[in-house]
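These are my notebook entries on one chain.

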Amino acid sequence: ATAAEVLAAVDAACARVLRLKHRLGLFEDPYKGARAAGAPAAALTPATRALARQAAAASTVLLADRGVLPLGRGMRVALIGPLGDDRHNMLGTWAVAGVPEAAVTIREGLAAAGLAVTFAPGAPLVEDPAIVDRLNFVPGTVTPDPRPAAVLLAEAEAAAMAAEAVVVVLGEAKEHTGECASRLTLDVPAPQRAMLSAVRAAAGGKPVIAVVLAGRPLQIDPVVEAADAVFYAWFAGTEMGHGIADLLTGAAEPTGRLAISLPAHGAQAPIAHGLAEGGRPWPGRWQKFRTAYIDLDDAQHPARGRWPFGFGLSWSAFDVAAPRLDAPELDGPDAEAVARVAVTNRGDWAATAVVQCYVSDRVARIQRPAQELVGFERLSLAPGETREAVFRLTRAMLSYSLPAVDGTVARVWDPGRFVVRTGLNARDTRSATLVWRA
C-alpha cells in the first residue's frame with residue numbers, strides 16, 4: 001500500500017472510533033457517570049453478598065464423591081491446607097477493586113455452618129523462595145509459615161487423627177494465574193501433594209474431602225486418588241467460604257459444571273471438547289497412526305480430557321436416554337429441528353441434571369469442530385422422576401462464519417447430515433442423525 005492509502009485507512013479507523021464516542025456522549029461527559037456524584041452505592045451489601053454466596057456454590061464443580069457427602073452439622077472437622085484460612089487468594093487475580101479483608105475464609109465458613117473446626121496449614125503453598133517472591137507481586141498473596149515443614153505436617157496429621165472428617169484445601173495461589181504465570185507442569189505444587197498423602201494415611205479411613213483452588217485447568221489425578229470427594233472450586237470470590245460450606249453440609253446442591261476440560265497430564269493442555277479430529281481420527285482402524293498420545297489409555301483421549309467439558313456430579317445419579325428427533329429429515333432453511341431427551345433421577349436425593357446438546361457438522365466448506373455446544377437445560381428432578389429436556393435447532397444455530405479473500409465475512413450454512421449429541425458432559429453422549437436439505 002502507498003503512504004496515502006495507509007493514512008486513509010488510519011483516518012477511517014479513527015473516524016469510526018470518534019463517531020462511536022460522539023453517539024455515546026463522551027465528548028460532553030468524558031467519564032460518563034464515573035464522577036463522584038454519580039458513583040454507585042457500595043458493592044458489599046447484604047443483597048450482593050447473598051448473591052455472591054450463591055454464585056460461589058453454583059460455580060464449584062463436584063468431580064468425585066464416594067458417598068461421604070454431605071457432612072453432618074456439628075461434626076468435628078480437620079481443615080488442612082495453606083489455603084484453608086486465606087483471604088487474599090479467594091478473590092483471584094485481577095480483582096483490582098476487591099477487598100480481601102471482606103472475604104470469608106473457608107475456615108470461617110465451616111465454623112458458621114455449625115462444624116467444629118480445627119485448622120492446620122500442613123505445608124507451605126510453594127517451597128521455592130523465588131516463586132514466593134514472584135507470587136507476591138501483589139503483596140499478601142503468600143505469607144510463608146516460619147515453622148519447619150516437619151512441624152507443619154505433624155500438626156496436620158494430629159488434627160486428622162482427632163477429627164471425624166478431613167477437609168483439605170489445596171491448589172494454586174491467585175497469582176499463579178494471569179499474565180506471565182506459565183508453569184512447566186500443571187499439577188498441584190509438590191509440598192501440598194505430599195501433605196495430602198500423609199494426611200490421608202493419618203485419617204485412618206475417615207472421609208477426606210479435597211477442595212481445589214485454581215484459575216486454570218490442573219492435572220489433579222493424585223488428588224482424586226487420595227481423597228473420597230473432590231470439589232474444583234476456582235477462586236470464587238468474597239463469599240467463597242460460605243459457598244463451600246453450603247456444599248459440604250448439603251445446604252446447597254452441587255450444580256456447577258466444568259467450563260473447560262481438565263487434562264489427564266499437563267502435556268495435554270490446551271485441550272478442547274470440540275478439537276477437530278484431523279485426517280487420522282481416533283479411534284481408527286490403524287491404531288499405530290491414531291491421533292492420540294500412545295502413553296495414555298483410550299479413556300483419556302486428548303480431545304476429551306480426564307474430566308471433559310460440561311462434567312459435574314450432583315447429589316444423585318441420572319439415566320439419560322438417547323435423543324429423539326421429532327423429524328429426522330427436514331427441508332428448507334426455515335425449518336426447525338426438535339430433539340427430546342428423557343432424563344430420570346435414579347437416586348434417593350432431589351437433584352438437578354444439566355443436560356447438554358452438541359452438534360457435529362461432518363461435511364462443510366471448511367473443517368468444523370468435532371462438536372459444538374448449542375444448548376443446555378437444567379432439570380430439577382425428584383427421586384424417581386422422569387422429565388424431558390427439549391432442544392430446538394435452527395439453521396442459524398448450525399451456521400458459521402466464513403471469511404472471503406476480499407476481507408468480508410459471511411454467515412453460511414451447509415445443508416446435509418448433522419449428528420446431534422446429548423448427555424451430561426461433552427464425552428458421555430448419545431446421538432441421533434439429522435438430515436437437513438436446502
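**Entry 1: salt bridges.** I looked up the salt bridges and found 23 in the structure. A salt bridge is counted when a side-chain nitrogen of Lys or Arg is within 4 Å of a carboxyl oxygen of Asp or Glu. This is a predicted model, in which local features need pLDDT of at least 70 and side-chain atom pairs count only at pLDDT 80 or more, while totals for chains, interfaces and linings use all residues. Residues are numbered from 1 along each chain as its sequence is written, and side-chain values use heavy atoms, with hydrogens and water left out.

I then noted individual pairs. Arginine 365 and aspartate 414 form a salt bridge in which the closest N and O atoms are 2.8 Å apart. Arginine 365 sits in the loop between strand 11 (351-361) and strand 12 (372-381), and aspartate 414 in the loop between strand 15 (409-412) and strand 16 (416-423), so this pair ties together parts that are 49 residues apart in sequence. Helices (H or I, at least four residues) and strands (E, at least two) are DSSP runs, numbered from the N terminus.

For burial I used relative accessible area: buried is under 20%, exposed is over 50%, and partly exposed is in between (1.4 Å probe, protein chains only). Arginine 365 is partly exposed at 49%, whereas aspartate 414 is buried at 10%.

Arginine 183 and aspartate 187 also meet through their side chains in a salt bridge, at 3.3 Å from N to O. Arginine 183 is partly exposed at 25%, and aspartate 187 is buried at 19%. The side chains of aspartate 428 and arginine 427 form a further salt bridge of 3.7 Å, N to O. Aspartate 428 is partly exposed at 45%; arginine 427 is partly exposed at 29%. I also recorded one network, in which salt bridges that share partners join Glu172, Arg183, Asp187, Arg193 and Arg216.

**Entry 2: cysteines.** How many disulfides does the structure hold? I found zero, a disulfide being a pair of cysteine sulfur atoms within 2.5 Å. Cysteine 14 is partly exposed, with a relative accessible area of 41%, and cysteine 180 is exposed, at 73%. Cysteine 180 is located in the loop between strand 4 and helix 6 (190-203). Its phi is near 55 degrees, a positive value in a residue other than glycine.

**Entry 3: helix 8.** Is helix 8 largely enclosed or open? Helix 8 (residues 240-249) is largely enclosed by the rest of the structure, because nine of its ten residues are buried. Among the buried residues are Met240, His242, Ile244, Asp246 and Leu248. The elements that cover the buried residues of helix 8 include helix 2 (46-59), helix 3 (106-112), strand 4 (165-171), strand 5 (208-213) and strand 6 (229-232). Glycine 250 follows helix 8 and has a positive phi, near 85 degrees.

Tryptophan 234 is placed in the loop between strand 6 and helix 8. Tryptophan 234 is buried, with a relative accessible area of 19%, and its phi is near 55 degrees, a positive value in a residue other than glycine.

Entry 4: Grid points are joined across faces, edges and corners, and a volume is the space filled by probe spheres set on the points.

The largest pocket has a volume of about 450 Å³. It is lined by 24 residues, and the closest to its centre are Pro82, Val142, Thr143, Pro144 and Asp145.

One cavity of 30 Å³ or more was found in the whole structure. The largest cavity holds about 70 Å³ of space. Its lining includes Val359, Arg368, Glu372, Met397 and Phe418, and the elements that give two or more residues to this lining are strand 11 and strand 12.

**Entry 5: a cis peptide bond.** Leucine 69 and proline 70 are joined by a cis peptide bond, with omega about -5 degrees. Proline 70 lies in the loop between strand 1 (61-65) and strand 2 (76-80).

Technical notes:
On a 1 Å grid over the protein atoms alone, a cavity is a set of points where a 1.4 Å probe fits but cannot get out, and a pocket is an open set with protein on both sides within 12 Å along at least five of seven lines; lining residues have an atom within 4 Å of a point. Contact means heavy atoms within 4.5 Å.
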